[in-house]
Amino acid sequence: MNDYKGKSLSWHVANGVIELALDRAPANEIGLAMLDDLERFSAELPGLESHASALIIYSKQKAGFSAGADLRELYTFVQQTDAASAVKGVREGLERIHAVFNRLDMSPLITIAAVHGVCFGGGFELALTCDLIIADKMARFCFPELRLGLIPGFGGIPRLKRDIGNGVVRDLLLTGRSVNATKALAVGLASQVASEGEALRVARATAAQVTKFDRATASAAKRFIKPLPVDELRHEIDIFCELFMQPAVMRGLRKFVEDASAHPYLP
């Protein structure tokens, strides 16, 4: 299926490049609808890969790439179920997300995230599955999860540790501060910074360059330089679930849902 439009994303294949467009208002929050569509894409990916050498993931939403997990949906789920069922449901959800993200991470395609605006939490973790991040100069990256009493749960920290220095990883995780595109480039998180509104154009130009190479050779190079941190990813799910039913998490989720003012980590 070379073209598809779902509830929260769409994809199109042309000239050896798959373009996956996130499009769920207001800011591509990753909830059940987005996960269903991502799973559909993952299931179709083996067939799509036979027609392509590169994959671009980008957002059609003005607010940015993705604001992360749908915390309102999560809070409603927790309020409607008992503690044991909530943890079981959260673990099942995380395992589904990890399965999709790991598939993207290990795709033989060269994968590129074209990022603008907010790239927070789970959205940041989705971008980190990609081989290259091309950032709009107005993009910002953040792991705000400690504000909720949690750690990132979609595989972000193991992937980030694989890619850049521990000092930067600790700063992002332990302070919850956001970093801009210039800092992202300086620390090796982003491979290029584009002018405002130009990240997708630059990603397309990069993908066109990738398609010139022998795909088997490019895939072998990717496997060599980008191993999947399997044990750490599994450990992350365990820690997240251990933390999830702590009182601090419920307080953090309630505050997020009930507070209509701007959150301090927003750019």
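This is a predicted model: local features need pLDDT of at least 70, side-chain atom pairs count only at pLDDT 80 or more; totals for chains, interfaces and linings use all residues.
1. Leaving aside neighbours within four places in sequence, Met245 is in contact with Ala83, Ala86 and Val87, where contact means heavy atoms within 4.5 Å. The C-alpha atoms of Met245 and Ala86 are separated by 8.3 Å, although these residues lie 159 residues apart along the chain. Met245 is placed in the loop between α10 (230-244) and α11. Met245 counts as partly exposed because its relative accessibility is 30%; buried means under 20% relative accessible area, exposed over 50%, and partly exposed in between (1.4 Å probe, protein chains only).

2. Residues are numbered from 1 along each chain as its sequence is written, and side-chain values use heavy atoms, with hydrogens and water left out. Helices (H or I, at least four residues) and strands (E, at least two) are DSSP runs, numbered from the N terminus.

3. Seven strands form an open sheet with mixed pairing, in the order β1-β2-β3-β4-β6-β8-β11. β1 (3-5) and β11 are at the edges with a single partner strand each, so one side of each has no neighbour in the sheet. On average, neighbouring strands of this sheet are turned by 20° against each other, direction ignored. Two strands pair if DSSP finds at least two bridges between them. β1 and strand β2 (residues 9-14) pair in the antiparallel sense over three bridges, and Tyr4 has Trp11 as its bridge partner in β2.

4. Strand β8 (residues 132-136) is mostly covered, with four of its five residues buried. Strand β6 (residues 110-115) pairs with β8 in the parallel sense over four bridges, and Val115 stands opposite Ala135 in β8. β8 also pairs in the parallel sense with strand β11 (residues 192-194), over three bridges; here Ile134 stands opposite Gln192 in β11.

5. Helix α8 (residues 199-210) lies across β3 (17-22), β4 (54-59), β6, β8 and β11, and runs at about 170° to β6. Axes are lines fitted to C-alpha atoms, for helices over the stretch in contact, and angles run from 0 to 180 degrees between N-to-C directions.

6. A further open sheet has four strands in the order β5-β7-β9-β10, again with mixed pairing. Its edge strands, β5 (64-66) and β10 (179-180), each pair on one side only. Strand β7 (residues 118-120) and strand β9 (residues 140-142) pair in the parallel sense over three bridges, with Cys119 opposite Phe141 in β9.

7. How do helix α2 (residues 71-79) and helix α11 (residues 247-258) pack, and at what angle? Their angle is about 125°, with the axes 10 Å apart. α2 is therefore oblique to α11; angles under 35 degrees count as roughly parallel, over 145 as roughly antiparallel, 65 to 115 as roughly perpendicular and the rest as oblique. Leu71, Arg72, Leu74, Tyr75 and Val78 of α2 meet Met250, Leu253, Arg254, Phe256 and Val257 of α11. These residues divide into eight nonpolar, no polar and two charged. Here Ala, Val, Leu, Ile, Met, Phe, Trp, Tyr, Cys and Pro count as nonpolar, Asp, Glu, Lys and Arg as charged, and the others, Gly among them, as polar.
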